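The numbered points may be read in order beside the sequence and the model.

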Amino acid sequence: GARETFENYYRKQRRKQARLVLQPPSNMHETLDGYRRYFNQIVGFFVVEDHILHTTQGLVNRAYIDELWEMALSKTIAALRTHSSYCSDPSLVLDLKNLIVLFADTLQGYGFPVNQLFDMLLEIQDQYSETLLKKWSGVFRNILDSDNYSPIPVTNEEVYKRIVGHFPFQDMELEKQPFPKKFPFSEFVPKVYSQIKEFIYACLKFSEDLHLSSTEVDDMIRKSTNLLLTRTLSNCLQNVIKRKNVGLTELVQIIINTTHLEKSCKFLEEFITNITNVLPETVHTTKLYGTTTFKDARHAAEEEIYTNLNQKIDQFLQLADYDWTAVEPGSKASDYLVDLIGFLRSTFAVFTHLPGKVAQTACMSACKHLSTSLMQLLLEAEVRQLTLGALQQFNLDVEECEQFARSGPVPGFQGDTLQLAFIDLRQLLELFIQWDWSTYLADYGQPTCKYLRVNPTTALVLLEKMRDTSRKNNVFAQFRKNERDKQKLIDTVAKQLRSLLS
């Protein structure tokens, strides 16, 4: 006869039990079993309540169960948010997602609304994507660290087919060549390409059973893949390029590799399209803009090549040891310069597989840097005096540079474009060795001037150094008429140069 008291007592006790059931264990995120036990308790609780609703009269009603489920849902979602955020293993996140789907589908079968759980799964998806990116960062690092940065040699048809099976590459010329032959790229190209596909499969696994439309799945995969390229792979490539011990050969190989990976991106687009059946023309599809990653890496490697070359040139120039007071020049170009030109020749021979513009820019930038550095040697403040003999020796070295530029170390230059890198030095030396001041002063400022590239300030600096020489070398200068005349001549020219400058 105490029915009402009993119903109230029952509901109160069950609320307390629900609260206990909804309290997750503190280490739940460590194993899948932790999550499984948690979900099983909750499902068990609501299955019992549902059974009581349908088999008893008035002990529980729909309003009471709905209210309990509301509370349970918000507590469960809060617990899952907290615990899933601790997880760094993508396969555990994936297993958790499958459990949540089972949990939601089971309760939906009993008539409980579970939309919020599916919404929360989309949040966990971002978490999953982050754990994947972390994992693949390690994968890419290992691939790039273990690469030998030299073209892949192929000894037979079987190996050739295996590589072409992993990486979309077609080259009729290479196919015709007899074995053994080499692919232009190194191992990291097919490996990185395969890993991008693995990542796409891993993304796809999460979207299964989430009741998403194919466009939503497609969008999710493309967004994650873009992140993989622009953030994860990009960082790994930049780190390799910026390393201290990366030489020119490795940088050249990186440029070739990234060129091939960039070309392969359209096949990745197709790969995603085949998986999701969403055509790239569809209005909403995200494009794979991650391809810029390979362009950026290539530009970084190119910049590094230019810097690297200039540093090598500087190392050779530190060995320059001119006798600026020599009376007579030597019979040949300086040893350090002959070695430097030898180094440049062998370096540019490696550049044959590079995209044309890169090799040309590298060669032009090296010649300009060499030319500027040689000019600085002449104008250095420490060099206080300078003889004609020293200038003639210096001229032999510049001729060696011009000879190198004429020999076409890199194909594709028009006419004497490369020699023009040394034109400032050439005109300056001609002017001094020929002592052709009358022409210089008469034509100065005219566009057809023979010594157009000679700056009067530069000429004056050199002239001052030559004047000092004449004085210091000859104690009896005042007794030698020709020395006195030469001195006067230098003074006159210097004066005219000064008036030009003012």
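1. Basis of the note. This is a predicted model, in which local features need pLDDT of at least 70 and side-chain atom pairs count only at pLDDT 80 or more, whereas totals for chains, interfaces and linings use all residues. Residues are numbered from 1 along each chain as its sequence is written, and side-chain values use heavy atoms, with hydrogens and water left out.

2. Domains. The domain assignment gives domain 1 (3–112), domain 2 (128–296) and domain 3 (319–501); such bounds come from an automatic or database domain assignment. The centres of domain 2 and domain 3, taken over C-alpha atoms, are separated by 50 Å. Six residues from domain 2 and eight residues from domain 3 take part in the contact (heavy atoms within 4.5 Å).

3. Interface of domain 2 and domain 3. About 520 Å² is buried between domain 2 and domain 3, and carbon and sulfur atoms give 94% of this area. Buried area is the accessible area (1.4 Å probe) that two parts lose on being put together, summed over both. On the side of domain 2, Leu248, Val252 and Ile255 lose the most area to domain 3, together 66% of what that side buries.

4. Aromatic pairs. The structure holds 31 aromatic pairs. Rings of Phe, Tyr and Trp (its six-membered ring) pair if their centres lie within 6.5 Å; planes under 30 degrees apart count as stacked, over 60 as edge-to-face and the rest as tilted. Phe46 and Phe112 form an edge-to-face pair, with 5.3 Å centre to centre and 70° between the planes. Because Phe46 lies in helix α2 (residues 32–55) and Phe112 in the loop between α4 (90–109) and α5 (115–146), the pair ties together parts that are 66 residues apart in sequence. Helices (H or I, at least four residues) and strands (E, at least two) are DSSP runs, numbered from the N terminus. Both Phe46 and Phe112 are buried (under 20% relative accessible area; exposed is over 50%, partly exposed in between; 1.4 Å probe, protein chains only).

5. Ile124. This residue lies in helix α5 and counts as buried at 3% relative accessibility. Not counting residues up to four places away in sequence, Ile124 touches Ser84, Val93, Leu96, Ile100 and Phe206.

6. Charges over rings. Arg11 lies over the face of Tyr64, at 5.3 Å from the ring centre, and Lys197 lies over the face of Phe271, at 5.1 Å from the ring centre. The rule requires NZ of Lys or CZ of Arg within 6 Å of the ring centre and within 35 degrees of the ring normal.
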